[in-house]
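Colleague: I have not looked at this model before. Could you take me through it?

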Amino acid sequence: MLLCLLCCLAAAAPALAAQDYEWTADDYVWTMRSKRVNGVPIGDAIEYAYPNAEWEAFSTGGDIYGRCSGGAEGDSFSFFVRFLNEFSFEFTGCERNGVEQENPSQLTLEALQAYAEDHGCDACAGLGYTDACMNCAGSGFAFGKQCLACGGSGRYLCKTCRGYGVMTNDYTRACPFCDGSGEWGACPTCGGSIYVLQNGMLLMCSNCLGSGVDTCPYCSAGGIATGYLVNS
Ligand SMILES: [Zn+2]
Ligand SMILES: [Zn+2]
Ligand SMILES: [Zn+2]
Ligand SMILES: [Zn+2]
């Protein structure tokens with residue numbers, strides 16, 4: 001009877017989501033533009049310095065590269081990055097007015113710096129937070145536990161700049177790997193049945209804590225809310 005129950009529940013586990021989703025050229029461009037350095041997305045910084053900037057991603061020799069170019073006659077640029085995975089890359093080259101630069105990330109770093117100087121958040125004076133948490137008096141702990149009001153940080157994130165200290169675009173997007181559900185198929189520990197049999201006792205599964213599903217590894221690492229991707 002028990003076994004049968006487990007089988008039935010396992011069969012009712014949610015179907016697999018789009019786990020075989022292939023990161024597209026547009027997605028790689030998103031990775032480049034949304035990558036935050038000291039709170040500033042590279043896309044915001046480059047497009048502020050060079051409003052005509054163009055972005056592309058392509059594969060060559062088994063590697064995937066991103067390219068950004070723009071500027072004007074006498075002040076043109078292009079830089080290349082090589083992707084290490086969907087969410088990270090390294091700068092591999094940069095040309096300014098046709099001259100190869102010694103440091104491939106220098107132009108981007110300068111643009112990030114200029115953007116940050118001109119877009120500081122007034123509401124928090126660039127700090128990223130506004131007030132100390134009243135529930136824990138800023139300590140991060142209340143009643144012997146991590147403070148529930150502030151999540152243990154001891155302060156409230158600035159709502160105006162969303163904690164970055166600079167005014168930036170929001171590149172947050174739904175996770176395509178799990179179709180924004182935050183789920184990754186049935187829990188491998190309990191098979192979606194929610195319970196596990198231990199020493200003859202039926203216990204709540206400690207892996208999924210009773211949800212019956214595994215958490216999507218792509219968006220759960222992103223950090224804001226499962227089902228969504230950020231890239232900082
Ligand atoms: Zn608190
Ligand atoms: Zn702020
Ligand atoms: Zn489970
Ligand atoms: Zn996901």
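Colleague: What kind of model is it?

Modeller: This is a predicted model.

Colleague: Into which domains is the chain divided?

Modeller: There is domain 1 (25–119), then domain 2 (120–168), then domain 3 (172–232).

Colleague: How far apart are the C-alpha centres of domain 1 and domain 3?

Modeller: Those two centres are separated by 34 Å.

Colleague: Let us turn to the sheet. In what order do the strands come?

Modeller: The order is β3-β4-β5-β6-β7, five strands in an open sheet with antiparallel pairing. At the edges are β3 (54–60) and β7 (99–100), each of which pairs on one side only.

Colleague: How many bridges hold β3 and β4 in their pairing?

Modeller: Seven bridges, in the antiparallel sense. Within this pair, Ser59 has Ile64 of β4 as its bridge partner. The two strands form a hairpin with two residues between them, and Gly61 in the turn has a positive phi of about 60 degrees.

Colleague: And how many bridges join β4 to β5?

Modeller: Strand β4 (residues 63–72) is joined to β5 by eight bridges, and the two run antiparallel. Gly66 is found opposite Val81 in β5.

Colleague: Which strands does helix α2 lie across?

Modeller: Helix α2 (residues 25–34) lies across β3, β4, β5 and β6, and runs at about 125 degrees to β3.

Colleague: Which residues of α3 are buried?

Modeller: In helix α3 (residues 42–49), the buried residues are Ile42, Gly43, Asp44, Ala45 and Ile46. Their cover includes α2, β1 (36–37), β2 (40–41), β4 and α4 (106–118).

Colleague: What does Ala45 touch?

Modeller: Apart from neighbours within four places in sequence, Ala45 is in contact with Val40, Thr108, Ala111, Leu112 and Tyr115.

Colleague: Now the largest nonpolar core: which of its residues touch the most other members?

Modeller: Met32 and Ala45 do, in a core of 26 residues. Two or more residues come from each of α2, α3, β3, β4, β5, β6 and α4. The most come from α4, which gives five residues.

Colleague: What is Glu86 in contact with?

Modeller: Leaving out neighbours within four places in sequence, Glu86 is in contact with Trp23 and Thr31. From Glu86 to Tyr28 the C-alpha to C-alpha distance is 6.7 Å, although the two are 58 residues apart in sequence.

Colleague: Which residues other than glycine have a positive phi?

Modeller: Most residues other than glycine have a negative phi. Ala125 is one with a positive value, near 55 degrees, and Arg162 has a positive phi of about 60 degrees.

Colleague: Where are they, and are they buried or exposed?

Modeller: Ala125 is in the loop between α4 and β8 (129–132). Ala125 counts as exposed because it has 11 C-beta neighbours inside 10 Å. Arg162 is in the loop between β11 (155–157) and β12 (173–174). With 17 other C-beta atoms within 10 Å, Arg162 is partly exposed.

Technical notes:
Residues numbered from 1 in each chain as written. Chains lettered and ligands numbered in written order. Predicted model: local features only at pLDDT ≥ 70, side-chain atom pairs only at ≥ 80, totals over all residues. Domains from an automatic or database assignment. Contact = placed C-beta atoms within 7 Å. Pairing = 2+ DSSP bridges. Helix = DSSP H or I, 4+ residues; strand = E, 2+ residues; numbered from the N terminus. Axes fitted to C-alpha atoms, helices over the stretch in contact; angles between N-to-C directions. Buried ≥ 20, exposed ≤ 12 C-beta atoms within 10 Å, placed from the backbone. Core = buried A, V, L, I, M, F, W, Y, C linked by C-beta atoms within 7 Å.
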